[in-house]
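Open the model in your viewer and keep the sequence panel beside it. The stops below go from one selection to the next.

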Amino acid sequence: MGAVKKQQSQPGIARWRFALVAGMLCLLAVALVVHLAGLQVLPEQDKGYRFLQDQGRARTIRTEEIAAYRGSIVDRNGELLAVSTPVQTIWANPQLLKEATEQELRALASALGTPAAKFAKRLEKYRNKGFMYLQRHMTPEQAQQVLALDLAGVYSKKEYRRFYPAGEVTAQLLGFTNIDDRGQEGLELAYEQSLAGEPGKRQVVKDLKGRTVQDLAVKQEARPGRDLQLTIDMRLQYLAYRELKKAVADNGAAAGYMVILDTRSGDVLAMANQPSFNPNNRQGVKAAAMRNRALIDQFEPGSTVKPLTALAALESGRYQPHTPINTSPGYIRLPGKTLLDPVNYGEIDLTKVITKSSQVGITKVAMDLEPETLRELFYRMGLGEAVGTGFPGEAPGILPSRTRWHPIELANFAFGYGLTVNAVQLAQAYSVVANAGLKRPVSLIMEPGKQVAEAERVVESKLAREVTTMLETVISSVGTGKRAAVEGYRVAGKTGTVHKVGSEGYADSRYRSVFAGFAPAENPRLAAVVVIEEPSTVKYSGGEVAAPVFGKVMTGAMRLLQVPPEEITPAEQQLAKQLDERGTAS
């Protein structure tokens with residue numbers, strides 16, 4: 001009874017206190033509802049739903065780059081020379097890869113084709129970074145093997161890799177791109193801006209592991225690069241490359257290069273170099289093999305400019321093709337040097353000076369001309385200025401200009417020493433003679449709708465044809481370039497054998513063999529220059545080393561271009577017979 005009474009005497013909770021607590025709880029609930037409404041409904045609320053949505057997007061929505069397709073490069077007939085193919089690049093976030101087990105990392109290294117120990121060292125190196133490449137430019141099949149492991153922090157992205165179907169045949173001309181598909185050398189570098197295109201952008205939603213779960217929108221479409229069409233004819237390019245490579249190997253030469261021009265348009269139809277390299281796999285390639293020698297190297301052209309000296313003599317009006325020149329006793333003394341012919345040719349005419357490549361004869365002609373007259377003619381023919389192909393590193397050559405010319409300087413200049421040219425410049429000069437004195441710009445690029453550039457007359461047609469006749473005698477059986485002959489066609493050209501410069505002046509045992517010419521002589525289609533650097537001392541003359549390359553390439557080119565053989569008239573047969581007789585008598 002006493003306990004019951006004690007329990008009944010305990011005071012109860014006051015109503016006002018109960019009401020207060022219940023009211024506070026209701027206010028909290030209302031405040032929570034109001035706050036939630038502010039966050040999710042009211043647009044003006046500070047850090048409201050718009051703020052939260054932006055924060056959410058910032059953590060899940062990403063802007064990714066859409067790789068642009070690099071423009072292709074094709075020859076004049078549309079044959080592919082350079083094309084970009086899609087590949088996959090695997091990258092990772094090392095911070096997320098820390099969560100992977102050792103077994104998973106070994107599996108990843110195996111899928112990448114990397115030794116596990118080496119892969120572990122790379123991960124350690126990038127452990128505090130948020131990005132690292134695992135493997136660039138994998139095939140889609142190889143990349144899928146990596147992605148199939150489903151590891152957090154491992155991703156892929158689409159890229160493009162450049163492929164060159166012709167390989168080493170066009171390597172120096174086209175150049176190559178780096179791993180990011182950006183031009184590094186050659187025409188790939190020269191036309192990088194138009195070939196590269198412009199990358200696009202897209203928005204995607206990614207999960208916590210960085211995987212794309214939804215494509216939202218394309219913010220900017222990728223703009224593919226423009227295709228580039230070259231003037232090169234791959235049929236002639238393969239032909240020139242094959243014969244050049246064989247000649248360099250057969251003669252134990254250090255290098256060689258050849259250029260073929262279309263005399264009617266100025267288009268470069270072939271530009272081959274040796275040694276070469278495979279642009280699809282450049283491991284271990286030497287820098288010298290990457291150089292486009294035909295445009296970048298400048299050299300003393302030697303006797304190949306003697307016809308230009310003869311042309312200057314004809315322009316002076318004091319000489320005709322049959323003007324006699326006394327070369328006895330087979331040498332000529334100038335202050336500081338004596339110039340020799342192989343034999344004493346005696347009295348010969350200007351034509352035979354070119355036929356026999358007489359050093360004495362051309363020196364006497366040069367001594368009778370004003371130096372500036374000779375230099376000006378060389379300049380009109382395209383020497384001493386860049387041909388303007390736009391190729392990176394194109395050499396303009398050197399055409400000296402002096403207030404006073406010493407006799408030996410003038411003599412050297414007249415037969416191709418003391419000035420430098422590149423192979424394209426020399427081919428252009430011979431193209432002027434082939435075109436009866438008309439000069440056209442040289443071009444490497446074909447532009448849709450572009451018409452053949454208007455030719456500039458730089459030499460009288462009559463004089464150019466007279467020089468052409470002189471050059472035909474060089475290819476006759478008594479000339480220095482008979483190995484450049486093409487059966488069924490008349491050929492005009494000139495040999496050159498040049499001493500190369502060494503550390504102590506001109507070296508006695510280092511030569512450059514050169515041949516420049518065009519065919520057919522009567523109605524020229526192609527002009528070409530062949531240069532062989534440092535052939536063996538067994539055979540080293542331009543007539544023995546460079547001329548045969550010209551002959552073989554032109555023989556194939558005439559067939560490929562379907563140029564009909566020329567009919568040799570009785571008068572031309574009689575002229576050839578007379579030349580043989582005169583050559584035998586001398």
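Select Arg136, which is buried at 16% relative accessibility (buried is under 20% relative accessible area, exposed over 50%, partly exposed in between, with a 1.4 Å probe and protein chains only). Its side chain meets that of Asp180 in a salt bridge, 2.8 Å from N to O (a side-chain nitrogen of Lys or Arg within 4 Å of a carboxyl oxygen of Asp or Glu). Arg136 is in strand 4 and Asp180 in the loop between helix 8 and helix 9, 44 residues apart (helices, H or I of at least four residues, and strands, E of at least two, are DSSP runs numbered from the N terminus). Asp180 is partly exposed, at 45%.

This is a predicted model, in which local features need pLDDT of at least 70, side-chain atom pairs count only at pLDDT 80 or more, and totals for chains, interfaces and linings use all residues. Residues are numbered from 1 along each chain as its sequence is written, and side-chain values use heavy atoms, with hydrogens and water left out.

Next, select Glu168 and Lys245, whose side chains form a salt bridge of 3.2 Å, N to O. Glu168 lies in the loop between strand 5 and helix 8, and Lys245 in helix 11, so the pair ties together parts 77 residues apart in sequence.

Then show Arg70, Arg162, Arg182, Glu188 and Glu192, which are linked in a network of salt bridges. The whole structure has 29 salt bridges.

Finish at helix 13, residues 306-316, where 9 of the 11 residues are buried, including Leu308 and Leu311. Gly317 follows helix 13, with a positive phi near 85°.
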